[in-house]
Amino acid sequence: MLNANEVGNSATLNIENAISDKNNVNSGNKPFAGLVSVIIPVFNAGDAIRACVESVTKQTYNNVQLILVDDGSTDGSGRICDELAERLNGRYADHKSNGQSEDNWSYRQYGDYQLNGQVGDDHSSISEEVFEDDQRENNRISITVIHTDNNGVSAARNAGLKAAEGDWITFIDADDIVKDDYLEKLVSAVNAFKAPISSKDPAITDHKAHPLMMVTMTDRIAPDTDMSGYYYIEHGVLNEDSHVWGKLYNKKEVDACLGTGWFPIGLSIGEDMLMLLEMAAKMENKKVFRSIPAGSYVYTENEQGAMLKPYKPSYLDQITCWDRAEEVLEPCKGHISDYVYVRLAEIQIMSALLVAGKIAVSSKVDDYSDAINIIKRALRHALKRNGAFASLSAGYKIKTIIFRLSPSLYLNMYGRWKS
């Protein structure tokens, strides 16, 4: 964003404006109206995937590629994805191997099928009228379905990225829905963005615009804020805007930043936070992130979600992901406030105690000694950060003290309280 205050040379402003217009891929002269790829990883989401897909078909933005990645579902979700794709694509399916298995099908648009986005009142199925009624003439959608083995959500999203043909990418979880204006609001933010350039000094010839990399739909940041990577770390990722959904990503720019596999493989928790954190850290002071008001993404609390179940070893990823976050943030020292590192230590403490809570409500016959040692080490490490303990709420301070004095006492007390 240009700040003309205290700029005395009008030629400088003219140069900057010309360069900004030339390099701004979102210039008002050519507003983006191209293909947006919507990636939905699907794992045992049979009860919800129909409503999720329906919400995408009702978008007021009219150029959409929907990619459903069946991550080895065992509840029939894969079959439902195939049925939805066959219907939405006009019952035209082109059998195509994607290198995963012989059973993979990739569904493509055949003609410009017109959708009106209507379904049965119970959301249990998408009716034939959806595909025969042309009331919403401009709402077109194609679906690609990918079937893979169960390799986790990171691998599923990465597989979706390989199939994505859109210039911009958004992710939706299979048990969530989006309002009709979800994509339109995100794309409008792309078109409203003016890429800032690197220098206002006319003596410097290497004027470079920084294209918009991501739009985030959030209530954690003031609306219509253009943010640097460092700013987004502090006010976004470490301020609860650490989920991958509810955002629009510039595929070309993120590929250049992170490579074509955006999400770290092997983590079942925190993979989206790490992706956002690494991207923001690499962007440093470049203002390539933009915020818009929340409200068009409808998150559904999953009662069977990972962190709502009793302990299993993969829940240690809750500790691992924040350890990795600390490694990503280490090179940022001196560029972001000390508060960021205190906040990180606070999150590390809460995450360790969250895992302890899972152990407390789990079977008493299993041996959790290795996990308890990892929790103890995580707490010791985080508490070395000046200000970390003081930043905790009263409840977490008490929990931390009790666990450090006696893990067994903490687990017994917490288990009784929860039961």
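Reader: Against which helices do the buried residues of H10 pack?

Author: A residue is called buried under 20% relative accessible area, exposed over 50%, and partly exposed in between (1.4 Å probe, protein chains only), and contact means heavy atoms within 4.5 Å. Here the buried residues of H10 pack against helix H7 (229-235), H9, helix H11 (338-360) and helix H12 (369-383). This is a predicted model, so local features need pLDDT of at least 70 and side-chain atom pairs count only at pLDDT 80 or more, whereas totals for chains, interfaces and linings use all residues. Residues are numbered from 1 along each chain as its sequence is written, and side-chain values use heavy atoms, with hydrogens and water left out.

Reader: Which residues of H10 are buried, and what distance does H10 reach from its first C-alpha to its last?

Author: The buried residues of H10 are Asp-317, Gln-318, Ile-319, Cys-321, Trp-322, Ala-325, Glu-326 and Leu-329. For the span, the expected value is 1.5 Å times one less than the number of residues in the helix. H10, with 13 residues (317-329), reaches 18 Å, close to the 18 Å expected.

Reader: Glu-326 is a charged residue to look at next; with which residue does Glu-326 meet in a salt bridge?

Author: A salt bridge is a side-chain nitrogen of Lys or Arg within 4 Å of a carboxyl oxygen of Asp or Glu. The side chain of Glu-326 meets that of Arg-385 in such a bridge, at 4.0 Å from N to O. Because Glu-326 lies in helix H10 and Arg-385 in the loop between H12 and H13, the pair ties together parts that are 59 residues apart in sequence. Glu-326 is buried, at 15% relative accessible area, while Arg-385 is partly exposed, at 27%.

Reader: How many salt bridges does the structure hold?

Author: The structure holds 15 salt bridges. One of them joins Asp-173 and Arg-157, with 3.4 Å from N to O. Asp-173 lies in the loop between strand S4 (168-171) and strand S5 (177-178) and Arg-157 in helix H5 (residues 153-163), so this pair ties together parts that are 16 residues apart in sequence. Both Asp-173 and Arg-157 are buried. Elsewhere, Arg-50, Arg-79 and Glu-83 are linked in a network of salt bridges.

Reader: What separates Glu-346 and Arg-343 in helix H11?

Author: An α-helix has 3.6 residues a turn, so residues three or four places apart point the same way. Glu-346 and Arg-343 are 3 residues apart in helix H11, and are therefore separated by about one helical turn. Their closest N and O atoms are 3.2 Å apart in a salt bridge. Glu-346 is buried at 12% relative accessible area, and Arg-343 counts as buried at 14%.

Reader: Which residues touch the most other members of the largest nonpolar core?

Author: In soluble globular proteins, nonpolar side chains tend to be buried together. A nonpolar core is a set of buried Ala, Val, Leu, Ile, Met, Phe, Trp, Tyr and Cys residues joined through side-chain atoms within 4.5 Å. The largest one here has 49 residues, of which Ile-233, Tyr-249, Trp-262, Met-279 and Phe-289 touch the most other members. Helix H9 (residues 271-283) gives the largest share of this core, 9 residues. Apart from it lies another core, of 42 residues, including Val-42, Val-145, Val-215 and Leu-248. Beyond four places in sequence, the residues that Phe-289 touches include Leu-212, Tyr-232, Met-279 and Met-283.

Reader: Which residues make the nonpolar surface patch?

Author: Patches are made of residues with over 30% relative accessible area and no salt bridge; like charges are joined within 9 Å, and nonpolar side chains (Val, Leu, Ile, Met, Phe, Trp, Tyr) within 5 Å. Areas come from the Shrake-Rupley method with a 1.4 Å probe, and for residues only the protein chains shown count as cover. Phe-389, Ile-401 and Leu-405 make a nonpolar patch of about 310 Å². Phe-389, found in helix H13 (residues 388-391), is partly exposed at 33% relative accessible area.

Reader: What share of the residues in the protein chain count as buried?

Author: Of the 419 residues, 50% count as buried. The chain has 15 helices and 10 strands and exposes about 19,800 Å², of which carbon and sulfur atoms supply 48%.

Note on methods: Helix = DSSP H or I, 4+ residues; strand = E, 2+ residues; numbered from the N terminus.
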